[in-house]
Amino acid sequence: MSVVALRMDDVGASSKRYEIYSNWRARLGPLYVSGNWLFLKYLTPFKAWGPYPELGETHWNGICRLLEAHRAKLTVAITAGWVESEHEVVPFPERFPRQAAAIRDGVRAGFLEVANHGLTHCVLDNNLFKPRWFSGNRLYHREFWEWVPVAVHARHVERSQRILEAYFGTDVVTFVPPGNVFTDDTLEIAARNGLRFLSAAAAPGHRRGMAILGNDDTEVFHDRDVALHGLPWLQRCLERHAGAEFCFVRDLGARFGTGEAARTGCR
């Protein structure tokens with residue numbers, strides 16, 4: 001039987017409000033017109049990502065019902081703080097108390113694993129994460145760049161772990177760095193704070209005290225998929241894996257190196 005871990009990223013991340021960019025370009029004679037110009041990147045024909053709404057309590061209750069019906073599990077990568085400004089980061093359970101409570105119920109019922117998806121998902125310095133007039137800002141919606149001071153990496157990992165473990169009442173051992181961006185320093189800091197498994201688009205192996213799982217055997221998606229397309233989107237995802245054994249990412253980590261997890265080829 002094949003094994004698959006479902007992983008939903010970006011829960012609680014304010015990037016869904018502030019990561020505004022477009023991949024659209026068109027040539028007009030000698031000139032290129034970009035979808036990042038002024039308001040264009042907010043419009044459906046041009047926008048690539050945000051804004052979109054945070055999943056609500058009803059979504060989370062429905063997600064848990066679907067998981068129960070399909071005997072499935074889901075790893076939820078939560079960004080522990082919602083960024084209002086470079087000086088104000090609101091803990092996820094305070095910013096979204098009903099959603100946090102529903103996720104906590106799902107953790108207690110055994111349907112959900114909470115993973116660490118950073119504290120901010122973005123670069124705070126000088127409000128670099130905010131939208132720009134004439135360009136996109138995707139670059140600044142990755143948290144652990146090598147040019148971000150190591151002290152910032154440490155503060156963010158430590159605080160995010162405190163928030164998540166205190167509220168959800170569970171050890172958080174899976175680390176999902178936003179945008180697959182991390183450094184060796186990030187890994188060392190993560191390991192010191194109790195994180196054991198890194199789940200990201202990276203070559204599997206062991207480094208700086210962390211087991212790097214890569215995304216093998218993992219179906220990765222975002223809260224955006226459910227926010228925009230509804231619970232039927234998740235139901236179709238579960239149905240595609242009919243017959244597979246569902247597990248958490250942390251379970252893949254426990255099997256890592258043993259050859260027990262068969263690759264599903266699903267991305």
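Strands here are DSSP runs of E, at least two residues long, numbered from the N terminus. The model is predicted.

Start with the second largest pocket. Strand 1 gives the most to its lining, with three residues. That strand covers residues 3–11, and strand 12 (218–222) also takes part; each of the two supplies at least two lining residues. In total, 19 residues line the second largest pocket. Asp 10, Arg 138, Arg 142, Gly 179 and His 222 lie nearest its centre. By class, the lining holds six nonpolar, seven polar and six charged residues. The volume of the second largest pocket is about 250 Å³.

Now turn to the largest pocket. Its space comes to about 340 Å³. The lining counts 17 residues, and those closest to the centre are Leu 124, Asp 125, Val 152, Arg 155 and His 156. Here a helix leads. Helix 5, spanning residues 150–168, gives the most to the lining of the largest pocket, with four residues.

Last, look at a strand pair. Strand 5 (residues 81–85) and strand 6 (residues 88–91) run antiparallel, joined by four bridges. A hairpin of two residues connects strand 5 to strand 6. For a point of reference within the pair, take Val 83: its bridge partner in strand 6 is Val 89.

Definitions and conventions. Residues are numbered from 1 along each chain as its sequence is written. This is a predicted model: local features need pLDDT of at least 70, side-chain atom pairs count only at pLDDT 80 or more; totals for chains, interfaces and linings use all residues. Side-chain values use heavy atoms; hydrogens and water are left out. On a 1 Å grid over the protein atoms alone, a cavity is a set of points where a 1.4 Å probe fits but cannot get out, and a pocket is an open set with protein on both sides within 12 Å along at least five of seven lines; lining residues have an atom within 4 Å of a point. Grid points are joined across faces, edges and corners, and a volume is the space filled by probe spheres set on the points. Ala, Val, Leu, Ile, Met, Phe, Trp, Tyr, Cys and Pro count as nonpolar, Asp, Glu, Lys and Arg as charged, and the others, Gly among them, as polar. Two strands pair if DSSP finds at least two bridges between them.
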